[in-house]
Amino acid sequence: MLVTMLSVLLGLTLQQGPETRITVVKPDSLTASAKAQMIAVTGENFGNNITVQVTTPGGAVRNVDAKAITQPQKTSFSLSFVFDEVGRYELVVLNPDGRRSTPFALRVRAAPQQPWIDRIEPEEVARGQEVHAITLTGRNFETGLRVSVTDPTGNVTQATTIDRVTPLTVVLRYAFETSGRYEILITNPSGETSNVTTVSVR
């Protein structure tokens with residue numbers, strides 16, 4: 001009886017094998033998208049022909065198609081998956097022998113929104129070294145944004161005096177020293193750029 005119990009326990013131990021786990025996922029910051037994104041998964045004791053389960057922020061469990069798992073190795077693989085919801089995802093690796101990794105959490109953030117300028121006031125200013133206050137009204141403006149100004153000769157400078165930034169308004173001061181049309185462009189810290197609006201300098 002004792003020999004039988006030991007044999008069973010030994011068999012279970014051998015079947016379970018070393019722990020399977022995920023240690024790192026790159027990139028570690030993802031943006032929600034309707035298109036599949038490739039991630040690199042690093043860990044320990046991945047078997048041949050692994051399968052992957054992904055739990056979405058809404059609680060749905062999705063089995064990843066085997067074709068979406070590439071470059072499988074004992075300690076890494078690549079995975080293509082559609083992360084189309086904002087929030088916390090969990091990844092689990094399942095080995096053919098029944099071993100499962102503990103869930104690995106992955107955060108997906110909302111896609112940055114493009115800033116957009118609807119109106120500029122005033123639309124016309126006088127040429128000179130006098131500084132003019134310019135108000136840009138629109139949407140999706142972020143703190144830390146940059147305002148690029150292209151003068152009539154094509155020279156691009158950054159507006160250094162920005163008095164106020166809200167999601168809907170940017171107030172800046174700038175001296176328009178050349179007659180002609182100036183182009184104004186906003187770039188958010190996320191890298192998203194706005195449409196171009198113009199100021200006429202007489």
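Contact here means heavy atoms within 4.5 Å. This is a predicted model. By that contact criterion, T51 touches I69, V92, V93 and L94, leaving aside residues up to four places away in sequence.

**T51**
- T51 sits in strand β4, which spans residues 51-55.
- Its relative accessible area is 41%, so T51 is partly exposed.
- V93 is 42 residues from T51 in sequence, yet their C-alpha atoms are 6.0 Å apart in space.

**T20**
- T20 belongs to the loop that links α1 (2-16) and β1 (21-26).
- T20 counts as buried because its relative accessibility is 2%, and the cut-off for buried is under 20%.
- The T20 side chain makes a polar contact of 2.8 Å with the side chain of N95.
- A polar atom of the T20 side chain also lies 3.1 Å from the backbone oxygen of N45.
- Beyond residues up to four places away in sequence, T20 touches E44, N45, F46, V93, N95, R99, R100, S101 and T102.

- β15 and β16 (residues 169-175) run antiparallel and are joined by four bridges.
- T161 has R173 in β16 as its bridge partner.

Methods. Residues numbered from 1 in each chain as written. Predicted model: local features only at pLDDT ≥ 70, side-chain atom pairs only at ≥ 80, totals over all residues. Heavy atoms only, no water. Helix = DSSP H or I, 4+ residues; strand = E, 2+ residues; numbered from the N terminus. Buried < 20%, exposed > 50% of the residue type's maximum accessible area, 1.4 Å probe, protein only. Polar contact = N/O pair within 3.5 Å; in protein donor to acceptor, adjacent residues only side chain to side chain. Pairing = 2+ DSSP bridges.
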